[in-house]
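Subject: Structure handover

Dear colleague,

Here is the structure you asked for, with the sequence alongside. My notes follow below it.

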Amino acid sequence: MFGFLPAPAPSIPASLVSSRMILPLPSSRGLATSQSFLSRTRGSPLSSQRLLSDPFLSSRRSVNLRMAKKEPVSPDQMWKNLLEGEFGSRGEIYVGLQFLLMFLVAFGPFFEESYQWLEQVSGIAVAGSGFALLYISTQDLGESLSPFPKATEDNVLQTDGVYSICRHPMYGGLILACIGLAMTTVSFSRMLFTIILLLILNQKADVEEGFLVQKHGESYKEYAKKVPKLVPNDLEKVKAFIEKLMKS
């Protein structure tokens, strides 16, 4: 009868029982995640397959490699880069203008007296062009001329003459005249006010075109697609307009 009695469980010493030994059993989801992680990293701590599959580790590894390989450019390599390519096809004009303007920004004030006359002559030419454009645009607009953005009742859509090279030549001429005046007087404040005026006229032109679309519909939309707003961008049209103007 004593053979069927269960064996007594081994006792654990009280000194070994502590909170550090009481560990929670992992859930089935945690076991699956651990097994998946071990299966992906088995064989090496950071295998190539894991680096390829893990975008975070791959990006960190590529950044570290780039930082490790970064070296200053040698004089021989710089000289090779300067001589590479065909002269005239690498955008040399932009590099020349870049360094010229950098030089003028740094040392221009020391030579102001020597080229001040050039600023004044250029300013007079720009202002004269602006006033001429302003006068021609008012003449071409005729009886539709109005200081307000909203078109008049008798407004006629003007698309030829100076209005064939830009949609708002009057505003463009006014801006050119102000720029020329600022250049002639070498006035920073005048140039600043001209920039503000340009922003206001650009917004006014947008409002004006809204009224013109309401009045002329698709005709004005088609015209706006072909002709720029303030600054002409077709040199052939500008040349033809000037030649026609000189002949008349």
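Does E218 count as buried or exposed? At 51% relative accessibility, E218 counts as exposed. Please keep in mind that this is a predicted model, and that the values here are computed from it.

Salt bridges

The count comes to four salt bridges. Three of them are described here, including the one that E218 makes with K221, where the closest N and O atoms are 3.7 Å apart. K221 itself is partly exposed, at 37% relative accessibility. The two residues sit three apart in helix 9 (residues 218-226), so about one helical turn separates K221 from E218.

Helix 9 also holds K225 and E222, again three residues apart, or about one turn of the helix. K225 and E222 form a salt bridge, with 3.7 Å between the closest N and O atoms. K225 is exposed at 66% relative accessibility, while E222 is partly exposed at 38%.

Another salt bridge joins the side chains of R167 and E209, at 2.6 Å from N to O. R167 belongs to the loop between helix 6 and helix 7, and E209 to helix 8, so this pair ties together parts that are 42 residues apart in sequence. R167 counts as buried, at 11% relative accessibility. E209 counts as buried too, at 12%.

Helix 7

Helix 7 covers residues 169-184, which makes 16 residues. From its first C-alpha to its last it reaches 22 Å, close to the 22 Å expected at 1.5 Å a residue. Its buried residues are P169, M170, Y171, G172, G173, I175, A177, G180 and A182. The cover over the buried residues of helix 7 includes helix 6 (112-141) and helix 8 (188-216). Just after helix 7, V186 has a positive phi of about 50 degrees.

Cysteines

The structure has zero disulfides. C166 is buried, with a relative accessible area of 1%. C178 is partly exposed, with a relative accessible area of 21%. The cut-off for buried is under 20% relative accessible area, so C178 at 21% is classed as partly exposed.

Regards

Conventions:
Residues are numbered from 1 along each chain as its sequence is written. This is a predicted model: local features need pLDDT of at least 70, side-chain atom pairs count only at pLDDT 80 or more; totals for chains, interfaces and linings use all residues. Side-chain values use heavy atoms; hydrogens and water are left out. A disulfide is a pair of cysteine sulfur atoms within 2.5 Å. Buried means under 20% relative accessible area, exposed over 50%, partly exposed in between (1.4 Å probe, protein chains only). Helices (H or I, at least four residues) and strands (E, at least two) are DSSP runs, numbered from the N terminus. The expected span of a helix is 1.5 Å times one less than its number of residues. Contact means heavy atoms within 4.5 Å.
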